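Here are some notes for your reading of the model. Please keep the structure open beside them.

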Amino acid sequence: MTTSRQANQNRVTFRRTIITLLVLVAALVIVVGAASLLGSERLPVSNSLCALTTLGARQCGLTSDQFDILFQIRLPRILLAAAVGGSLATAGAGYQALLRNPLAEPYLLGVSNGAAVGTMLALLFFGSLEWSRPLMAFAGALVATFAVYRLARGRVGATPERLILAGVIVTTFLSSIIVFVTTMMDATRIRSFTFWLLGDLSGANTGLLPVPIAVAVVGAIILTLNARSLNLLMLGERDAFDLGVEVSRVRVTIFLIASLLVGSSVAASGSVGYVGLVVPHLTRLSVGSDNRISIPSATLGGALFVIVADTIARTVIAPRELPVGAITALIGAPLFIYLLKRV
Amino acid sequence: MLLEPGVVTAVIGPNGAGKSTLLRSLNGSLIPNSGTILLNDKSLGKLSRRAIAKQITVVAQEAELRFPITVFEYVLGGRFVWANSTTWGWEGERDLEVAEAVLDETELHELSGRMMNELSGGERQRAVLARALATEAPILLLDEPTANLDLSHQATLLGLVRERCNSRSSSALVITHDINLAAQFADVILLLKGGQVVKTGTTQQVLVPDLLREVFSVDVLVDAHPISGVPRVTPVH
């Protein structure tokens, strides 16, 4: 009887989820504050914090240059980093549960590249229409998701290895399209483009910033609402079906939302790799595999992770910058190797 | 064919006879080309997934687990269809009570905090059964539940199913290759070949040498079990 009661107590509950999420939100607020103070231009700490707590309503003794650096340059970039990190980690957690594969990740599955191709096509053909970029990125991500899913599903079902192979095929195919389009561009755009492809958050200060933020929040909520179904899907599609999950409806929902999350973040910042792998893995290790807690934790953890990575990217060789994708890959690739050995 | 309360039906037949297809159709995951399946007088095709899962539960060979999960969480998975908005979709008191009760019933209490992949084959199959019982569905469909189990675990598992049918008037349909196990636990036997029902009836009516020879293409000896008296089938080479 005692063991059962212990198992019951260790179980993830609504209360525990709320407490965990509140702690993560608090951490996020602190990290946003700290990251906005760091950068090549030194800002006075107390004045900046004062201005931040009023959300920019008061200048708190900052010069107008300092105020602009804080609110026009750093904060939008930090918010974009949070949105991109949250989106990619949420999408990764969703793919992993749905595809029953701890290695599934938007970048490795080729979904990010699909979104990148979509964004490029939007730039080429509808360059003046800002809105076309996230929409085309979403379409590209969706096409890549279904392509990988179809390729990975053999007669014996999708094994982890087969899924990763399908991801490699889709990724390389889309990469060749990207290379093809890039070489058609003029030389001045190639560099900024290559930078963007590696994941670059410097284009944060645009009118489109609310899009990735809204998508991240809504996407995370919808995925969390499907978390209990995903818990059963992690055990197998047939099991989930037998226990009452409407498998095809949930699958379509996750694919759509994950593609939307990846599309909106790639359109805004290029392909930041490995976030969807590193973050859900770390959250599962610390809060368990119950998706009701691990998905929203991954969202907040992803936001934290990319803010930190981007702060490193823009300060470590200041005033020059690294693409944030280089930092996330530096952390992510070794972890992938570690996970591959365990699967 | 009819599944009645309190009755255990065993489905036997050679490989490819359509046993699993039958089970998948009864569960609503395959749609039959002809004929209808009624669940409490309503056509299965017209019912929602949740409505079916509240009435019918399946015990299959457990799929490979790729994420860690405790036995308790695994069994609680059976409460999915009973999720409601009063607990925000989380498990309520009643769900926990039911999970505790089926863990008692399947004697998994001691193991409930353990990880599923730490269990032995027999224990794991009992956990799969426990999860199915936790759904409280009155109809149990079992797809070769004993295929990987040793002698004592086979008897334990089917004993639990038998007990459920007796105590709660549940009905069970068990697909098995083990004719003698079927004879021991089932009230009704359904003999299938090539997608057709060859014979359905009590063990004494179905387990006769001529029928079995026709269906399995092998000579068999049928005698009475010395203790239980049910038919005992031995292939003769």
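The points below cover a strand, a loop residue and a helix pair.

1. This is a predicted model: local features need pLDDT of at least 70, side-chain atom pairs count only at pLDDT 80 or more, and totals for chains, interfaces and linings use all residues. Residues are numbered from 1 along each chain as its sequence is written, and chains are lettered from A and ligands numbered from 1 in the order in which they are written.

2. Strand β4 of chain B, residues 56–59, is covered on both faces. I56(B) and V58(B) on one side, and T57(B) and V59(B) on the other, are all buried (20 or more other C-beta atoms within 10 Å of the residue's own; exposed is 12 or fewer, partly exposed in between; C-beta atoms are placed from the backbone). Strands here are DSSP runs of E, at least two residues, and helices are runs of H or I, at least four, numbered from the N terminus.

3. β4(B) runs parallel to strand β5 of chain B (residues 139–143), joined by four bridges; pairing needs at least two DSSP bridges. V58(B) stands opposite L141(B) of β5(B).

4. E64(B) lies in the loop between β4 and α3 (71–76) of chain B. E64(B) is exposed because 9 other C-beta atoms are within 10 Å.

5. In chain A, helices α4 (residues 64–98) and α12 (residues 247–269) pack at an angle of about 150°, with axes 9 Å apart. Axes are lines fitted to C-alpha atoms over the stretch in contact, and angles run from 0 to 180 degrees between N-to-C directions. Therefore α4(A) is roughly antiparallel to α12(A) (angles over 145 degrees).

Definitions and conventions. Angles under 35 degrees count as roughly parallel, over 145 as roughly antiparallel, 65 to 115 as roughly perpendicular and the rest as oblique.
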